[in-house]
Amino acid sequence: MAVADTNYNYIFIDVGAYGKECDSAVFKQTQFCKNLLNDRLDIPSSTNKLETDCDLPYVFVGDEAFALHEHVLRPFGGHQLDEMKSIFNYRLTRARRYVECTFGIMANKWRILHRPLNVSTDLAVDIVKTCCLLQNFIQKEEGIINSMSNDSTTEDLNFDLRQLPRSNSVRGSLSRGHTMIVKRDSYYRESCYQERVIV
C-alpha cells in the first residue's frame with residue numbers, strides 16, 4: 001500500500017500485507033488510515049481555488065477498493081453510469097495514473113520485483129522498502145521527472161486516456177490503458193537517462 005505524489009515519489013508506504021487481502025482491509029490496518037480518520041495528517045483546510053460556490057477539501061485519490069471519505073475520492077461504482085459520472089470517473093483515473101505509473105517505474109527499475117522473491121518475509125519487506133527509498137532518491141538526485149516536465153519538447157508525449165478506447169466497465173476497461181501509460185513512461189525515462197549518460 002502506498003501514497004505517491006505527481007513527481008512519482010512515494011510519500012507513504014506500508015509493506016508486509018498478504019497478497020490475498022483486499023486493498024480496503026490492508027488500508028484500514030495502516031497507520032496512515034488511522035491518522036487520516038483521526039485528523040492527524042495536517043491536511044490543509046478546504047479552499048475555494050476553483051472559484052466555485054463552495055470550498056473543496058484536499059483529497060487522496062484511490063480506486064474502487066477504498067471507502068469514500070472527506071479526504072479520499074474514489075470512482076463511482078457500477079457499469080451503467082450517466083455521462084456526468086463517467087466523466088468524473090475518467091478524470092479521477094487520469095489523476096490516479098500517477099500512482100499506477102509510480103509502481104510501474106519502480107518495477108521496471110528494480111527487476112527483482114518482476115519475479116517472486118524467494119527470501120524470508122522480513123527480507124522481502126526490507127527489499128521492497130529499499131526499492132521505494134532508492135526510487136525516491138534517484139528521482140530527486142537525477143531529476144529526470146523534473147527535467148522532462150520542464151522540457152517543452154516532451155509536451156507532445158503526454159497523451160492521456162482520451163486516446164484509448166472507452167467502455168462502460170469501470171474496473172476492467174482502464175487496466176490496459178494503465179499498462180500502456182506505464183510502458184510509455186518507462187520507455188521515455190530510460191531513453192532520457194541514456195541520453196544524459198551519453199552526453
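How many nonpolar, polar and charged residues does the lining of the largest pocket have?

Modeller: By class, that lining has 34 nonpolar, six polar and ten charged residues. Here Ala, Val, Leu, Ile, Met, Phe, Trp, Tyr, Cys and Pro count as nonpolar, Asp, Glu, Lys and Arg as charged, and the others, Gly among them, as polar.

A quick word on the ground rules. This is a predicted model, so local features need pLDDT of at least 70 and side-chain atom pairs count only at pLDDT 80 or more, while totals for chains, interfaces and linings use all residues. Residues are numbered from 1 along each chain as its sequence is written, and side-chain values use heavy atoms, with hydrogens and water left out.

Now, the space itself. Rolling a probe the size of a water molecule over the atoms shows where empty space is left. On a 1 Å grid over the protein atoms alone, with a 1.4 Å probe, a pocket is an open set of points with protein on both sides within 12 Å along at least five of seven lines, and lining residues have an atom within 4 Å of a point. The largest pocket holds about 1600 Å³, a volume being the space filled by probe spheres set on the points, which are joined across faces, edges and corners. Of its 50 lining residues, the closest to the centre are Ala 2, Val 61, Val 99, Glu 100 and Phe 103.

Which element gives the most? That's helix H3, with eleven residues, the largest share of the lining. H3 covers 83–109; helices (H or I, at least four residues) and strands (E, at least two) are DSSP runs, numbered from the N terminus. Among the others that supply at least two residues each are strands S1 (2–4) and S2 (10–13).

Let's zoom in on Glu 100. Side chains of opposite charge can pair when their charged atoms come close. Glu 100 forms a salt bridge with Arg 96, their closest N and O atoms being 3.9 Å apart; the term means a side-chain nitrogen of Lys or Arg within 4 Å of a carboxyl oxygen of Asp or Glu. It's the one salt bridge in the structure. Both partners lie in H3, four residues apart, about one turn of the helix. Arg 96 counts as buried because its relative accessibility is 10%, whereas Glu 100, at 29%, is partly exposed (buried is under 20% relative accessible area, exposed over 50%, partly exposed in between, using a 1.4 Å probe and protein chains only).
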